Amino acid sequence: MRTLNLGILAHVDAGKTSLTERLLHAAGVTDRLGSVDRGDTRTDSLALERQRGITIKSAVVSFVVADVAVNLIDTPGHPDFIAEVERVLGVLDGAVLVISAVEGVQAQTRVLMRTLQRLQIPTLVFVNKIDRSGARVDQVLRDVAAKLTPAIVPMTSAVDAGTRDAAVSSDVAVAADVLAEHDEALLAAYVGDEPIPPSQLRNALVEQAKRALVHPVYCGSATTGAGVAELIAGIAELLPAAKGDADGPASGTVFKVERGPAGEKIAYARMFSGTLRTRDRLPGRSGAEQKVTAISVFDRGGTTHCDSVSAGRIGKLWGLGEVRIGDAIGTPRRGPDQHFAPPTLEAVVVPRRRADRGALHVALTQLAEQDPLIDLRQNDVRQEISVSLYGEVQKEVVQATLAAEYGIDVDFRDTVTICVERPLGAGTAVEVIGEPHNPFLATVGLRVEPATSGAGVDFRLGVELGSMPPAFFKAVEEAVVSTLRQGLRGWQVGDCVVTMTHSGYWARQSRAHGTFDKSMSSTAGDFRNLTPLVLMTALRRAGTAVHEPVHHFRLDIPADALSAVAPAVARSQGVPQATTTRGASTVVEGELPAARVHELQQRLPGLTRGEGVLETWFARYAPVRGEPPVRPRADHNPLDREEYLLRVARRTG
């Protein structure tokens, strides 16, 4: 039996979870159709998901159709939880993109489709809710072709859309002109005099859909079941099965981590090659090995414990105490690291009861295991914890989760846009062992210089590798990475090269009776503590510029609203780059600081009679205009030598 790992993606309220329930019911997995309104859906298992009627965490459930075992992954639709979608994309063989026949193509729909196309994930489109009042199937199909992709092949036609009796017909001629664009033999037949055999068109459709060259479009209703049988047939026929050699080297990816009833970690992993078995040992983050103690695989709506999980399948793994999302199983698999923009907001989380501070840190650490983009930032000096966020809804969910699952009531304050720092030039600094002002038994010299955009932090050795023990070099490298989380103005420093130019140490020495003497011997701690002083001195000499996230925006507005919208874009520091008018609609594209996106979104409905659509996505980081913002430091402040030494070395030297 073939395996297909299928993702269900959509903008919020398109009916994605309802479609998942309908697919499970049609496949015989469930006897009763789950309802989002009743809070009894199979994939929305969290209490908070059922209360709010939205998907927050991705969920996996399986069913069988024809000779295909489908692992269906339901993903969140709200933009604030795009990180959940991010993690799922790398494990998919195919996808179904759900669009509401009432709301039509939304900004989130465009972001998802653009990403699916970039990753070349074969995708079917399902136009849902044809039974709803206000359904406009023909217009939605035109919008799909105009706003998502022209390479669509309508597979069903709606009949009497907009009523509870809405039905679909599968008697639709396959779009030969669309298929001919990717098939020379078909193109020759298309322009010829003879009709193209239906079997040739069907074969071309199957082959091109599996290569993500065209996107079949189905219409129906998850509520009534109209058109779902046709969609299920399309899933089995038009999407490719999982590939991978079960006898090859083990290679997989962890895309989800949750905790079981006893607090144990459970990792969800997709295997791309080889076979992982119970009692297999995997390297942990600390260097120690972790043993897989149990495995279960998804099977016909539930999970089954087994001894192994092989290529193409998704398994739940127990025993990996140090595992985190994104970890490789066996041989790492090359692929795009990130599909969507990182979070652009940061907020301080404050417990309402001071006694909850310790418990809050533990709770947020566990939430960060499930969502690494939360990115905890502990400020020991101010006794505060900050988290990275996508938006207000995610903030509300974190707050509700802490209250419901951990009994901790919190507030959020000081929400700011996350900026970065980049070096302006080159800077060097050296601290030599034995000199009066250096209290550490180490010599460290560093040079900081700019690198290309997106390069991150590149640590290099400009000294002989054998000039001192490897543990000391490792301590310097780790200290460089951690120190650059806060630059001259408190923001993370990236896109730079840090080269170690000087090194020196005192070898291990003992007193007369063979006792190790720390005061005469260098340790890794000396290098770990000295490096921040040297690095920040070099960085100060290089100088940094604060950069803020900038989004590319696309405004689709009525043509007669342009004169009112243009000043609003300018007030939000937006820079239009292209304006196109087609009939009664105008599209404006350009760039906009991420911090001003919400402001423009708030103004848009009143300026466009509610008809304007704003779509934004991360474009780049750009220098901040005017006075750069400063973020309070969360370390011992190596920019202030006296304060740093008092806190770290407990002496001023």
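A salt bridge is taken here as a side-chain nitrogen of Lys or Arg within 4 Å of a carboxyl oxygen of Asp or Glu, and under this rule Arg110, Lys147 and Asp556 are linked in a network of salt bridges. The structure is a predicted model, in which local features need pLDDT of at least 70 and side-chain atom pairs count only at pLDDT 80 or more, whereas totals for chains, interfaces and linings use all residues. Residues are numbered from 1 along each chain as its sequence is written, and side-chain values use heavy atoms, with hydrogens and water left out.

The protein chain contains 16 helices and 33 strands, assigned as DSSP runs (helices H or I, at least four residues; strands E, at least two) and numbered from the N terminus. Of its 653 residues, 51% are buried, where buried denotes under 20% relative accessible area, exposed over 50%, and partly exposed in between (1.4 Å probe, protein chains only).

The count of salt bridges comes to 24. One of them joins the side chains of glutamate 346 and arginine 631, with an N to O distance of 2.8 Å. Because glutamate 346 lies in strand β20 (residues 345-351) and arginine 631 in the loop between β33 (613-623) and α16 (641-648), this pair ties together parts that are 285 residues apart in sequence; both residues are buried.

Within helix α16, arginine 647 and glutamate 643 lie 4 residues apart, about one turn of the helix, and their side chains form a salt bridge at 3.2 Å, N to O. Arginine 647 is partly exposed at 35% relative accessibility, as is glutamate 643 at 25%.
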